[in-house]
Protein chains: 2
Amino acid sequence: MRLGTKKDKAEKRPRGRPRAYEPQTALRQAAEAFWKTGYAGTSLDDISAATGMNRPSLRAAFGDKHEIYVKALSDYWELKFAAMRKAFETDGTLSETLMRVYDAALSIYFSGDDQVLGCFVVGTAITEAPGNPEIQRIVADGFHALDADFEARFKQARGAGELKQDADPQALALLASATMHTMAIRARSGTSRENLRMLAQNAVKVICG
Amino acid sequence: MRLGTKKDKAEKRPRGRPRAYEPQTALRQAAEAFWKTGYAGTSLDDISAATGMNRPSLRAAFGDKHEIYVKALSDYWELKFAAMRKAFETDGTLSETLMRVYDAALSIYFSGDDQVLGCFVVGTAITEAPGNPEIQRIVADGFHALDADFEARFKQARGAGELKQDADPQALALLASATMHTMAIRARSGTSRENLRMLAQNAVKVICG
DNA sequence: CTTTTTTTGTTCCAAGTCGCATAAAAAGAT
DNA sequence: ATCTTTTTATGCGACTTGGAACAAAAAAAG
């Protein structure tokens, strides 16, 4: 991590036996396992099976179970942020932008191969948060970052006359986040993608006045 | 269970050794344990410690771990419904009623002895839902029941002229539920009660137009 | 070809977890 | 007092889980 003299492609081979896996890919696969059954409900054997790595290799690469989870959680936030920011940055009306954001969220929530798993954070980290300040912090920071993205967009919209001048960007942002949270929860409890999209559309209508 | 000839107070003592616990109390204590650490994160020994019952007694009274959890979940829904309905039934303006509902929810979310645990359903059942159709169903049914309560109140408000005639009670109901969901999530991730109450007030302002 | 380095794969260990079998206790019924 | 019924309490056995030790494998370096 420290002395990367060259970029990263076609780097001179390190020294010992080469890895049989790509760390980033393996982490995603580990996250998928946690996503399905939560932190406590997922054993290292499950992760081992999901990644194809054996337990000692897992440990060497990512640390113990808790460390693997935290890395998976952080990686998920990055993925989610990237998708959200991309949606926020497209231009269009406020309503259009919000729907792009919600559609991007739905794409993630419904990305499971066989089951619908909703949001990794809402579906797994929320359970662990009370007993684990570190996770609680990561979760809260992520929520606040998204709140801020929404708020910035609403401020911009108010400036552009898309919202009434007395609209409260912060209040609207929390409502927009709430909409995403309820979508995450309901996705995991069996509501269809079509239904959730309609829910989002109705929410956008109310929020945009 | 079959032949209860008398009501239930001062009943003639059954026959064998009397129970050393009250089933309803024990179930609440078991729920508290699950509430803290989730389904998979709570062992039967944890529940045994929380209730003061030993494992065989637990099994005889409530069944295996999964049955205990389902009973605790159903019991929580009853508790929550009772609190919500009571809040809905108080008279007052729409805004007042909504705030009473949210305050009632906060009372439950912040009822933990040492930690803030949010909503039992959002905090623990959502994790288990994808892999368990029975839990998924119980969760979804509960959400829909609350959605319906909100919707009924919004319909009434529209009829009474508290809302504009073109207001959409169903859309508003889902937004009101969303607000409760985000409160449940954020409570468990460390947001203070005061902050959540302000969030609710802002949401009510937007929802009531 | 041998040495060094890094990762893989097997195996073991201690603790935890769950269900069950069995004994002990506490009450009413006879 | 003894028997029956119901619950509590103890303990056992099989399995799971997380961690670590250790040897084998794969590659570069000398």
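In the predicted model, the surface near DNA strand D draws at least two residues from each of three helices: α2 (44–51) and α3 (55–62) of chain A, and α3 (55–62) of chain B. The largest contribution comes from α3(B), which gives 4 residues.

The contact between the chains involves 40 residues from chain A and 40 residues from chain B. On the side of chain A that touches chain B, two or more residues come from each of α1 (23–37), α6 (120–128), α7 (133–159), α8 (169–188) and α9 (193–207) of chain A. Of these helices, α8(A) gives the most, with 12 residues. The class composition of this side is 19 nonpolar, 16 polar and 5 charged residues. Of the interface residues of chain A, 100% are also interface residues in chain B, so the copies meet through the same surface.

One residue of chain B was examined individually. B:A125 lies in helix α6 (residues 120–128) of chain B. B:A125 has 29 C-beta neighbours inside 10 Å and therefore counts as buried, the threshold being 20 or more. Neighbours within four places in sequence aside, B:A125 is in contact with B:L73, B:I135 and B:V139. B:F143 is 18 residues from B:A125 in sequence, and their C-alpha atoms are 12 Å apart in space.

The mean pLDDT of chain A is 93, and 94% of its residues reach 70 or more. Residues 1–10 of chain A have pLDDT below 50. Beyond near neighbours in sequence, this stretch has 1 contact in the model. Where pLDDT is low, the predicted coordinates should not be read in detail.

How values were computed. Residues are numbered from 1 along each chain as its sequence is written. Chains are lettered from A and ligands numbered from 1 in the order in which they are written. This is a predicted model: local features need pLDDT of at least 70, side-chain atom pairs count only at pLDDT 80 or more; totals for chains, interfaces and linings use all residues. Two residues are in contact if their C-beta atoms, placed from the backbone, lie within 7 Å. Ala, Val, Leu, Ile, Met, Phe, Trp, Tyr, Cys and Pro count as nonpolar, Asp, Glu, Lys and Arg as charged, and the others, Gly among them, as polar. A residue is buried if 20 or more other C-beta atoms lie within 10 Å of its own, exposed if 12 or fewer, and partly exposed in between; C-beta atoms are placed from the backbone. pLDDT is the predictor's confidence in each residue, from 0 to 100.
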